Amino acid sequence: MTGDTLVAVDRLVKHFPVRKGFFSSKQTGVVRAVDDISFTIARGETLGLVGESGCGKSTTGRLLIRLLEPTSGAIRLDGDDLARMPAGALRARRRDVQIIFQDPFSSLNPRKTVGGIVAEPLIVHGVGDRAARHARVAELLEVVGLAAEHAERYPHEFSGGQRQRIGIARALALNPKFIVCDEPVSALDASIQAQIVNLMQDLQREFGLTYLFISHNLAVVRHIADRVAVMYLGKIVELTDKFSLYDSPKHPYTQALLSAIPVPNPDQPRRRIALTGDVPSPIDPPAGCRFHTRCPHAERRCREIDPPLVDAGGGHHVACHLVAPA
């Protein structure tokens, strides 16, 4: 990690309209999937993004590479705002940003050979002739731990872990600077997860890649991430380096998440923090702190004032009234 900022997200918002009926154009509300978040990712860094299902993690990842259009906010890559970039310029800039999808089964076209899948980004962007693309595909397959002859096979002939390697090879085809990893190991067996995570770390060191690693598996994030952002109901509630987060979590939501991580030693004492109630609807989030309806320490101000994300010391950012700013 160099410390040089590659990705800078500033007050990013994504609201999805809610309509009265399937064919109706009348809007009755909005789903606040991502609601005013800001963070940076340094060149060569892995930022982990964690939280419960439905908190806005995957939406954030898709916004960063413009698979979804943001409602407002800025997404800067090397200083260029992707959120306001016109279609022509964005198409050229897409070579620098790629994504690894969660499901290695549905993210690969079953009617294309592996060679065709990996070569498709090269064809779209007009990179090389046929012979050069063939050589590049063979190189990429070997880089991710497959054989060059696998290019002639179809996705159904591979295991889940092998398919995810194909997805990684496709993401690497254009030599990107930044890759969004949208729960890339959650659909795989535990032993295969470790292999894929180790592969991603090796590729990061070899090619100088920058990752946004989205996951609900806090143990995997602890292994691969440099810093971790914790999301709850469209907001980032804690952001710091992984050592500070795992050793000294400050937000009550983060504390509850970490207490649920399985401990391999059954004799090791642990204190599980059980949250009561359900996650509120992103259509009608509660006033004040969005976590106050489930927080065991909530006060009156928590129900009335939305806490900002502030530095509690040493770059440990927390959005909680109970944590004093530095």
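Visitor: On what basis are the values given?

Guide: This is a predicted model, in which local features need pLDDT of at least 70 and side-chain atom pairs count only at pLDDT 80 or more, while totals for chains, interfaces and linings use all residues. Residues are numbered from 1 along each chain as its sequence is written, and side-chain values use heavy atoms, with hydrogens and water left out.

Visitor: How is a sheet read, and what is the strand order in the open sheet of eight strands?

Guide: Strands (E, at least two residues) and helices (H or I, at least four) are DSSP runs numbered from the N terminus, and two strands pair if DSSP finds at least two bridges between them. Here the order is β6-β7-β8-β3-β9-β10-β12-β11, with mixed pairing. The edge strands, each pairing on one side only, are β6 (97-100) and β11 (310-311).

Visitor: In which sense do β7 and β8 pair?

Guide: Strand β7 (residues 178-182) and strand β8 (residues 210-214) are parallel, with five bridges. Within β8, Leu 212 is the residue opposite Val 180.

Visitor: Which helices lie across these strands?

Guide: Angles run from 0 to 180 degrees between N-to-C directions, and axes are lines fitted to C-alpha atoms, for helices over the stretch in contact; contact means heavy atoms within 4.5 Å. Helix α5 (residues 160-172) lies across β6 and β7 and runs at about 175 degrees to β6. Helix α6 (residues 190-207) lies across β3 (46-50), β6, β7 and β8, at about 160 degrees to β8.

Visitor: Are the residues of β9 buried or exposed?

Guide: In a regular strand the side chains alternate between the two faces of the sheet. Buried means under 20% relative accessible area, exposed over 50%, and partly exposed in between (1.4 Å probe, protein chains only). In strand β9 (residues 227-232), six of six residues are buried. One side carries Arg 227, Ala 229 and Met 231, the other Val 228, Val 230 and Tyr 232, and both faces are covered.

Visitor: What are the partners of β9?

Guide: β3 runs parallel to β9 and is joined to it by four bridges; Leu 49 has Ala 229 as its bridge partner there. β9 and β10 form a hairpin with two residues between them, and Leu 233 in the turn has a positive phi of about 50 degrees.

Visitor: What is the order of the open sheet of four strands, and which strands stand at its edges?

Guide: The order is β2-β1-β4-β5, with antiparallel pairing. β2 (27-42) and β5 (80-81) each have a single partner strand, so one side of each is left without a neighbour in the sheet. Strand β1 (residues 5-19) and β4 run antiparallel and are joined by five bridges, with Ala 8 opposite Arg 76 in β4.

Visitor: Why is α1 described as largely enclosed?

Guide: Six of its eight residues are buried, so α1 is largely enclosed by the rest of the structure. The buried residues are Lys 57, Thr 59, Thr 60, Gly 61, Leu 63 and Leu 64.

Visitor: Where is Arg 66, and what is it in contact with?

Guide: Arg 66 is in the loop between α1 (57-64) and β4 (72-77), and its phi is positive, near 60 degrees. Arg 66 is buried, with a relative accessible area of 9%. Leaving aside neighbours within four places in sequence, its contacts are Leu 82, Ala 83, Arg 84, Met 85, Leu 90 and Arg 94.

Visitor: How are a pocket and a cavity told apart?

Guide: On a 1 Å grid over the protein atoms alone, a cavity is a set of points where a 1.4 Å probe fits but cannot get out, whereas a pocket is an open set with protein on both sides within 12 Å along at least five of seven lines; lining residues have an atom within 4 Å of a point. Grid points are joined across faces, edges and corners, and a volume is the space filled by probe spheres set on the points. The largest pocket holds about 440 Å³. Of its 15 lining residues, the closest to its centre are Gln 98, Ile 99, Pro 121, His 125 and Arg 170. At least two lining residues come from each of β6, α3 (114-124) and α5.

Visitor: How many cavities of 30 Å³ or more does the structure hold?

Guide: There are two. The largest cavity has about 60 Å³ of space, and its lining includes Cys 289, Cys 295, Cys 302 and Cys 320. The second largest cavity, of about 40 Å³, has a lining that includes Met 231 and Tyr 232.
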